[in-house]
Amino acid sequence: MPRPLDLRHLDPEVRKERVKLLANAVNALGVALMIGSLVAPFVDPARNVALPRSVLGVVVGAVLVFAAFTLLRYMKRRE
C-alpha cells in the first residue's frame with residue numbers, strides 16, 4: 001500500500017517556523033562565538049590567545065548575528 005504524500009513542507013506556516021529556528025540557531029552560534037572569543041582569554045590565562053584571533057572570533061560572531069537578523073527581516077518582507 002503506497003504511503004500518502006506528505007505536503008506539510010509546502011505549508012507557509014511550517015516554512016516560517018523553520019526560518020525562525022534557523023535564525024535562532026545562527027544567532028545563538030554568533031553570540032556564543034563572540035562571548036567565547038572575549039571571555040576565554042580572561043578566564044583561562046594559560047591559553048595565550050593572540051588579540052587578532054580574538055578579534056576574528058568577535059567579527060565572525062557579529063557577522064553570524066547580522067545574518068540572523070537578515071533572515072528574519074527577509075521573512076517579514078515576504079509576508
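Q: Buried means under 20% relative accessible area, exposed over 50%, and partly exposed in between, with a 1.4 Å probe and protein chains only. Which residues of helix 1 are buried?

A: Val 19, Ala 23, Val 26, Gly 30, Ser 37 and Ala 40 are the buried residues of helix 1. This is a predicted model, where local features need pLDDT of at least 70, side-chain atom pairs count only at pLDDT 80 or more, and totals for chains, interfaces and linings use all residues. Residues are numbered from 1 along each chain as its sequence is written, and side-chain values use heavy atoms, with hydrogens and water left out.

Q: How many helices and strands in the chain?

A: The chain has 2 helices and 0 strands. Both kinds are DSSP runs numbered from the N terminus: helices are H or I with at least four residues, strands are E with at least two.

Q: And what share of the chain is buried?

A: Of its 79 residues, 15% are buried.

Q: What about contacts in the chain, how much comes from residues 24 or more positions apart?

A: Such pairs make up 74% of the contacts with a separation of 6 or more, a contact being heavy atoms within 4.5 Å.

Q: Back to helix 1. Why does its end-to-end distance agree with its length?

A: Helix 1 covers residues 12-43, so its 32 residues at 1.5 Å each should span 46 Å, and the end C-alpha atoms are 45 Å apart. The expected span is 1.5 Å times one less than the number of residues.

Q: Where is the kink in helix 1?

A: At Ser 37, shortly before the proline Pro 41, with a bend of about 30 degrees. That bend is the angle between axes fitted to the seven residues ending at a residue and the seven starting there. Ser 37 is also one of the buried residues of the helix.

Q: How many salt bridges?

A: There are 2, each needing a side-chain nitrogen of Lys or Arg within 4 Å of a carboxyl oxygen of Asp or Glu. Glu 13 pairs with Lys 16 at 3.5 Å, N to O. Glu 17 pairs with Lys 20, where the closest N and O atoms are 3.3 Å apart.

Q: How far apart are Glu 17 and Lys 20 in helix 1?

A: They are 3 residues apart, so about one helical turn separates them. Glu 13 and Lys 16 are also 3 residues apart in helix 1, which means about one helical turn.

Q: Is Phe 42 buried or exposed?

A: Phe 42 is exposed, at a relative accessible area of 71%.
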